Amino acid sequence: MAISTRIRRRTVLQGMGAGVAAGVLGTWPRQASADEKQGITDTEILIGALGPITGPTAFIGGPARDGMALAIEKINEAGPINGRKLRLVYEHAATPAESVAAAKKLTENDNVFILVLASGSTGAAAAADYVRSAKIPTYNIFGATPIIREPFARNVFHGSMPDPVVTGSGMVDEVFKAVPNIKKVGVLAGTYAFPQANLKAMTPILQKRNLEVVLEQFDAAATDYTAQLVSFARQRVQAIIVLGSFTEAGFAIKQAPDKGLTDVAWVLDGSGTNDAIVSIIGKENSTNLRGYYNAPYFPSQTDAPIQGFMKVWIAKYGQPPQGRPNLYDIVAYGCTYVMAQAIKGAGRDLNWTSLMDSWEKLKNAKPSDMGGYDVTFPETVTSTDHQGNKLIGPAQIVNGKWKVVP
Amino acid sequence: MSRTGALRVFAPSLFVFALSIAGLLLGSYWQYVLALSISAAVIGTALAMIVSYARCITIATGAMLAIGAYGAALPVVRLDVPFLVALLFATALGGLAGLILAVPGVRFRSHNLAMVTFVFQAVVIIVLRQSKGLTGGAEGLPIPAPVVFGFRFSSDADFLLLCGFLSALVILPLIVLLEGALGKNLRAVAANESAARAFGINVNRHLIAAFVWSSAVIACAGAIMAPRYRIIDPDSYGILASILALAYPIVGGMGSPWGGLVGGAVLRALPEVLRPLADYLELMFCILVVATIIFFPGGFGSFVTGTFRRKPTKLETSAGPEPRRAVHDFISDMNILGRREVRPPQDRSRSTPILRISGVTKSYGALRAVSHVSFDVTAQTIHGLMGPNGAGKTTLFNIVSGLNASDEGQVLFDGTPLDDVPVESRIKLGMSRTFQHAAVFDKLSCVDNVLIGLGLNDIWQASVRSVHMAMHSQRARAERKAAMAALDAVGLAHRARDGAGSLSLGDQRRLEIARAIVSCPRIILLDEPVSGVSVEEAAGLRELLLRINRELGTGMVVIEHNISFLVSLCNRISVMSDGRIIAEGDPDVVVNDALVRRAYFGEREISA
Amino acid sequence: MLSELLMIVVGGLKMGAIYSLTAIGIVVIHKATRTVNFAHGAFVLCGAYVTYGIVEVLQFGWWAAFVLASLAGGLLAAVVELGILRPIRQADSFAVITATIFIGIGISDIYRLLQNTEILAVRSMIRGAPLFIGDAMITREQIAVVGGAMAVALIGVALFAYAKFGRGMRAMASNPRGAVLCGYSSDAMNALAWFVGGAMAGVAGSFAAPSTGVTAELSVAMVTAGFAAAVIGGFDSLRGALLGGLILGVCETLAAGYVSSAMKNAVSFLLIFIILLWRPQGLFPEAKIRHV
């Protein structure tokens with residue numbers, strides 16, 4: 001009796017051991033494999049997006065989510081694309097690590113069909129290696145950084161934001177427009193990824209134009225610029241380029257007069273050109289401000305497309321708080337339409353290859369092609385150049401509001 | 001006994017490694033999450049040393065992680081150093097960083113120490129961000145997949161196994177220290193700093209050691225995880241990372257390393273599991289921590305173990321068997337174990353003073369607490385010290401044991417002046433003490449309390465003994481036997497494993513005595529050993545003290561208010577009042593002295 | 001050259017005055033209840049948010065904003081003390097300090113969830129032509145902030161030193177049981193101390209709002225600065241906190257102006273560290289003898 005129980009116990013243990021071993025061996029190594037047709041059902045296409053909803057760069061990710069959701073709602077209302085509706089799944093990602101994690105989760109866990117990087121340069125740079133190796137069609141709508149652009153990958157497409165060389169030249173052009181004989185320019189740059197990427201691209205351009213550059217930097221979300229402004233005043237710069245968000249630029253501009261910088265021209269980058277800056281600096285101080293905008297119209301302009309956009313935005317989200325909708329709402333909305341067009345062009349037999357083929361055929365793709373408002377620049381893509389838009393809109397403040405002044 | 005001991009030490013490492021093996025059954029995203037959890041478990045265990053055991057608040061965890069991550073990544077990326085070598089380098093760098101932080105930092109406690117760690121955290125991140133040329137600054141540093149002996153760990157499963165294996169390895173020495181003498185000493189420091197110091201624990205050095213070890217391990221965790229992130233930037237390791245890490249031991253449980261381990265593993269996985277709630281996650285986290293502090297002080301771990309801990313029965317709480325034989329056994333055990341040789345009882349009249357207090361004065365501002373006090377204590381005698389409240393007795397004790405310095409005068413121990421001998425070193429000379437408010441280390445078990453009484457508590461000794469304890473070596477067994485013998489001598493052997501906080505006041509005083517005798521000291525300073533204790537217990541303690549004095553040859557100085565106790569115990573009594581000695585001599589004589597009576601009762605002398 | 005220095009110093013004094021107010025609130029709470037309140041920055045944020053509501057949304061005047069912001073800050077602080085900290089007050093300082101750290105973050109998270117924009121801008125308190133001292137320009141706002149914040153700070157210091165409840169708080173701090181025997185209620189005194197500290201934070205938020213805007217990050221920035229100022233001044237001294245804030249503000253801006261802009265943040269940390277090492281009792285310690 002004792003012997004048989006012992007034997008039974010031993011066999012049970014052996015069996016368990018074998019089972020565990022089989023389980024381990026059978027499932028290892030387990031490689032992540034994403035699939036050409038994932039995220040597609042007969043009636044639905046799953047779109048994944050990642051971006052920062054909280055933290056100092058929340059002004060990018062939150063509006064991106066809202067813009068995309070608005071576009072998708074309208075596109076679905078107008079009718080399914082070749083029989084399929086779009087569905088958005090959005091993941092918060094602020095730091096590089098979170099961006100990689102979100103990209104992996106969306107691709108391998110949620111099995112999305114297209115991955116949208118709505119995360120600014122930090123996230124785009126972090127996820128770059130991953131998306132290139134996973135081969136999932138990736139739409140980088142905000143990232144200026146070269147890391148996502150080079151080396152070229154067939155599955156990566158870029159939307160409204162051109163690469164920083166384009167925006168850098170644009171800003172330098174604005175400087176010369178403001179002060180035609182300028183010799184000395186100040187550059188006020190944030191130390192975080194997006195301004196630094198812009199700075200890197202802009203510096204050679206400034207040198208080529210024979211400008212003497214005074215560089216001052218600030219930490220993200222800094223509110224006191226006494227030191228930097230005093231330095232600019234001391235060196236008598238004639239214009240100041242600000243690479244940073246509208247709040248950062250706003251406080252710098254607001255504090256400038258008391259540091260002696262009364263007659264200086266300001267040139268802001270795409271994240272600085274936001275109407276909320278006027279509340280910070282006061283309407284009467286908003287002269288001599290220029291910038292560029294990554295879209296043809298500012299939210300407050302009266303042109304028909306942007307008015308139409310504002311109407312549908314407010315209908316969905318209510319009265320906008322100070323500073324919304326912003327550039328990222330607009331670009332996310334417009335780019336979603338472009339993406340929908342690429343999907344449409346691929347036909348019913350949808351997979352990654354057919355999608356990419358279709359995307360590379362886009363010519364002047366714009367939202368109105370599918371019933372949306374043309375609030376973004378049209379996109380043209382070829383098989384060797386995946387940068388959809390290369391235009392920027394020169395901008396100035398008119399009557400207390402920004403306006404694209406071509 | 002040794003098998004469970006070994007299991008205790010290896011269990012956390014095995015658990016971590018088992019987690020990584022179990023993860024092979026999961027999809028690649030969950031393998032990633034599990035790797036994060038394992039990394040956080042390592043961080044939590046390291047924080048258990050600083051936060052749970054030493055009860056220091058540290059907000060420098062993020063900086064240490066960054067030092068590890070960059071410290072391993074930069075050599076690999078820029079100098080082609082092999083991954084494992086870079087890992088070792090990063091770990092050492094973390095330890096160095098801990099040293100740099102702790103040496104100035106441990107002068108402070110509580111909020112100032114927290115602030116120093118915060119300063120360290122902020123400065124490290126600023127430096128990393130500013131050194132763009134070296135670290136890539138805010139744009140981040142891309143990191144290649146780790147390569148070990150030619151094998152490239154690029155898939156999630158590979159990485160999980162590597163992470164599990166390395167994490168298990170790095171936790172092991174930490175657990176050895178935490179479960180061993182070093183961990184116990186840290187908990188003693190947190191429980192009662194003065195008592196810890198009186199038994200040889202140098203508080204600053206122990207805290208520094210805690211910071212050095214934990215920082216090294218935290219840096220290692222950062223270095224292991226960095227390749228998986230593929231790109232690291234300084235702001236990921238900011239103040240928020242430090243504060244969230246602080247939650248691991250607080251929520252997980254402050255009573256043991258498992259608290260930090262499990263707390264870290266669970267809390268790190270939560271954001272991944274609860275992704276739909278991303279917006280609210282940080283707030284929920286804060287609510288969880290605050291709720292834990294209010295409703296489950298000591299964390300969930302302590303709550304769980306507390307529910308299951310056996311409460312001692314009534315029978316067990318009463319005093320144990322007679323101390324008579326036990327003291328004798330204690331002495332013979334000490335002889336066998338080769339501890340300090342026991343002096344046979346001598347003829348007292350020939351003895352030299354073991355303790356000479358000479359002109360000691362101590363003032364606090366305008367108050368003269370002790371005023372030109374001088375008396376001698378003959379070796380192997382019991383010398384009483386009495387006086388009304390506020391007479392300066394405890395102050396004098398603190399000066400003799402080294403917790404306070406006198407303004408004037410000198411204390412000589414066996415002829416050696418104690419001026420330059422710090423309090424931590426006095427136990428080695430042969431002086432131990434008990435305290436007025438029973439200063440047992442309440443979260444430690446009774447036997448652990450007594451083990452500290454051995455006085456083998458400088459940093460190196462504590463570390464080496466931790467290894468001995470983990471291996472259950474002969475030396476560790478001998479020490480434990482000595483501690484049990486001391487407990488037995490005071491009648492507490494049956495409560496050896498119980499927490500000292502669960503003892504009654506009388507038993508705590510006995511425990512203090514056990515702790516005081518285990519090092520076979522030449523003199524014990526006892527501060528109100530029977531205060532608050534019942535008459536029977538006082539009698540029992542008196543018996544015990546007399547036997548220890550007779551058979552072990554240990555001298556004693558006893559402060560007491562219980563005059564009959566003192567008279568029946570002491571060979572000689574000094575009386576203090578208002579900081580001065582007003583009488584000294586034979587107990588019976590002193591008690592009837594007119595000055596003494598006036599000091600106590602304000603009685604006017606009635607002339608005969 | 002000199003005018004530039006003057007402008008930098010005035011700029012530093014402006015932020016410094018705000019830091020002083022914050023630090024005084026921290027020190028009041030510490031003097032009365034022996035608690036170091038790491039959630040203090042969240043009270044400042046509360047005051048700033050209320051100020052935004054009054055001045056920008058409801059378009060009332062600044063006096064209303066000051067009063068309501070201080071009330072809001074005070075009430076929030078009192079709620080924190082009565083609701084969360086009182087139950088754990090018996091525990092050691094470790095529990096209380098960690099609780100305040102997480103409460104501070106929790107409150108700024110609640111703000112972030114309530115108000116889903118990056119920053120709320122508040123207009124300046126006073127507009128009008130700036131004053132000139134030689135070449136140096138000093139705006140009216142700078143004068144208003146420095147003057148106003150200092151006035152509130154001095155009122156706070158005087159109250160604590162002379163008014164009846166100030167004495168009660170000090171009694172409670174030095175001997176709780178004795179004070180209770182004299183008729184002071186421990187709970188009431190603690191709550192009052194927190195209310196006063198929170199009110200000072202609220203007013204600091206009012207002064208800060210136009211300069212910094214209302215953001216969730218304000219709370220960490222203010223508690224760091226407030227703590228640094230308190231350490232510089234000597235943690236238990238109200239006068240010290242006041243002066244410490246000014247010193248911190250000026251040092252920060254000087255360092256940023258003449259060394260490098262990245263140094264600005266580093267300065268407050270380095271100052272904390274240097275003072276703790278060299279003179280832990282602060283620059284203006286209040287004589288205190290502790291008997292063991």
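This is a predicted model: local features need pLDDT of at least 70, side-chain atom pairs count only at pLDDT 80 or more; totals for chains, interfaces and linings use all residues.

Trainee: In which order do the 7 strands of the open sheet in chain A lie?

Mentor: Residues are numbered from 1 along each chain as its sequence is written, and chains are lettered from A and ligands numbered from 1 in the order in which they are written. Strands (E, at least two residues) and helices (H or I, at least four) are DSSP runs numbered from the N terminus, and two strands pair if DSSP finds at least two bridges between them. With mixed pairing, the order in chain A is β7-β6-β8-β9-β10-β11-β12.

Trainee: Which are the edge strands of chain A?

Mentor: An edge strand is one that pairs on one side only. In chain A the edge strands are β7 (212–218) and β12 (401–404).

Trainee: At what angle do helix α1 and helix α8 of chain C pack?

Mentor: Axes are lines fitted to C-alpha atoms, for helices over the stretch in contact, and angles run from 0 to 180 degrees between N-to-C directions. The axes of α1 (residues 2–33) and α8 (residues 186–212) of chain C are 8 Å apart, and the helices pack at an angle of about 175°.

Trainee: Why is α1(C) called roughly antiparallel to α8(C)?

Mentor: Angles under 35 degrees count as roughly parallel, over 145 as roughly antiparallel, 65 to 115 as roughly perpendicular and the rest as oblique. The angle here is about 175°, and therefore α1(C) is, relative to α8(C), roughly antiparallel.

Trainee: Which element gives the largest share of the side of chain B that touches chain C?

Mentor: Two residues are in contact if their C-beta atoms, placed from the backbone, lie within 7 Å, and this contact takes 32 residues from chain B and 32 residues from chain C. The elements of chain B that give two or more residues to that side are α5 (110–130), α11 (239–252) and α13. The largest share, 11 residues, comes from α5(B).
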